[in-house]
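Student: I would like to go through this model and ask what stands behind each label.
Tutor: Go ahead, and we will set values against criteria.

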Amino acid sequence: MSTNSEALQALIAGRLPDSHGRFGPYGGRYVPETLIPALERLADGVRTHLPASEFRQAFARELASWVGRPTALTYAGRLSAEWGAHIWLKREDLAHTGAHKINNALGQALLAQRLGARRIVAETGAGQHGVASAAACARLGLPCTVYMGEIDMERQAPNVGRMRLLGATVVPVTAGDRTLRAAIDEALRDWVSDPLGTYYLLGSAVGPHPYPYLVRELQAVIGREARAQFQEAAGRLPDAVIACVGGGSNAIGMFHEFVADHDVELIGIEAGGRGATLGGNAATLSFGRPGVLHGSYSLLLQNADGQIEETHSVSAGLDYPGVGPEHALLAQSGRVRYRTAEDTQALEAVRALCQLEGILPALESAHAIAGAKVWAAEHAGGTVVVCLSGRGDKDMPTLQQTLLAERP
Ligand SMILES: *Cc1c(COP(=O)(O)O)cnc(C)c1O
């Protein structure tokens, strides 16, 4: 307990991750020896460029003129009246390419340029990070190769087309599970073969140090804007902040600016899928145990032998058996509470937001909206800011088979 609260104090004071990339017991670098020099070079580059005013100004300029930031903070009046608490939406769905992922892709592409990389490699599961990476690379004139599992390429054909239109080379991964996990392995292999000329653009707040830190810093713009916008509108801070958690990048970006505000309740919503049975969800913080996945020590969904479990979620972007190490610490220390929303609750939230607010949310984001409904029922008259991480146009095939199939 005391070690936990010490780690939380260090986090709030801005001292985490430590020099080993640890968030308390979590994080670190669990990678083949051949990757260590590349990760150290990257960590050096992050230390040099991220705080530099040249980098910060270039990033801010592109966020404003190309991504469309700041994104709006919208009061959801009709939804609030229906659910009994004041609900505000941080509109990452309005960011270029339709989600928060562009903040990270753009920031890392700018960093890659400054590190002298000649090409970018990325991995993608549902295709959203691949599209954001392809767009950022086109903008900066960097060649981009995206590894994608063969199965995902079939499931997400429109995003494969978008990446190719944006000039990226999409490489089908036929090894392993032929989904995101195998794609990450291939991207890492590519990077190892040319660690100086190639930059690996990782898509969430996961992976070996310094990625969880780097991604948090690039996504923290979400919470910084939301906190200032809410204060401007209401003259105080909200009672609660809610975000969905896949790998954890939109949530850590939203929470970071609020972590020191002890009166603001922070809640992460994971994919509860079909329910609590093993294999039926992707709720790593709720049901996972400590272990190593993709270079980092964190919680993960695994069976008694340590084999990674199958996961399920109606939303492809939350369907991942791991989670970023900073969330593992935030959960253990109790600063953030993690709950689940099941597929049916997320679908119901899509319908509510469409019909009451005229906004079609991504299925991932709909989990956060569903979490807000539960929170509102427990805190009548309270005020909550929800991160609406992306727009739902990409989810139309799933919505055709679910919500729209229920009605004539
Ligand atoms: C990818 C994605 C997520 C999940 O990723 P995080 O790293 O947990 O943010 C959530 N929402 C949308 C819209 C996404 O595209």
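Student: Which atom of G247 lies 3.2 Å from an oxygen atom of the ligand?
Tutor: A backbone N or O atom of G247. Keep in mind that this is a predicted model.

Student: Which side chains have a polar atom at a stated distance from an oxygen atom of the ligand?
Tutor: H100 has a polar side-chain atom 3.0 Å from a ligand oxygen, and S249 has one at 2.7 Å.

Student: How much of the ligand does the protein bury?
Tutor: The ligand taken alone exposes 380 Å², and 97% of that is buried by the protein.

Student: How many residues surround the ligand, and which are the closest?
Tutor: There are 18 residues around the ligand, the closest being K101, S204, G246, S249 and S389. By class, the shell holds 11 polar, five nonpolar and two charged residues.

Student: Why is α3 called roughly perpendicular to α6?
Tutor: Helix α3 (residues 53-67) and helix α6 (residues 128-140) pack at an angle of about 105 degrees. Roughly perpendicular covers 65 to 115 degrees, so α3 is roughly perpendicular to α6. The axes of the two helices are 13 Å apart.

Student: Which residues make the contact of α3 with α6?
Tutor: On α3 they are E62, S65 and W66, and on α6 they are A135, A136 and R139. These divide into three nonpolar, one polar and two charged.

Student: How do you know that the bond from R69 to P70 is cis?
Tutor: Omega of that peptide bond is near 0 degrees. P70 sits in the loop between α3 and β3 (73-75). A cis peptide bond also joins H209 and P210, with omega about 15 degrees. P210 is in the loop between β8 (198-201) and α10 (211-219).

Student: What is the phi of R178, and where does R178 lie?
Tutor: Phi of R178 is near 55 degrees, a positive value in a residue other than glycine. R178 is found in the loop between β7 (169-173) and α9 (180-193).

Methods. Residues are numbered from 1 along each chain as its sequence is written. This is a predicted model: local features need pLDDT of at least 70, side-chain atom pairs count only at pLDDT 80 or more; totals for chains, interfaces and linings use all residues. Side-chain values use heavy atoms; hydrogens and water are left out. Axes are lines fitted to C-alpha atoms, for helices over the stretch in contact, and angles run from 0 to 180 degrees between N-to-C directions. Helices (H or I, at least four residues) and strands (E, at least two) are DSSP runs, numbered from the N terminus. Angles under 35 degrees count as roughly parallel, over 145 as roughly antiparallel, 65 to 115 as roughly perpendicular and the rest as oblique. Contact means heavy atoms within 4.5 Å. Ala, Val, Leu, Ile, Met, Phe, Trp, Tyr, Cys and Pro count as nonpolar, Asp, Glu, Lys and Arg as charged, and the others, Gly among them, as polar. A residue is near a molecule or strand if one of its heavy atoms lies within 4 Å of it. A polar contact is a pair of N or O atoms within 3.5 Å; within protein, one must be able to donate a hydrogen and the other to accept it, and residues adjacent in sequence count only if both atoms are side-chain atoms. Accessible areas come from the Shrake-Rupley method with a 1.4 Å probe; for residues, only the protein chains shown count as cover.
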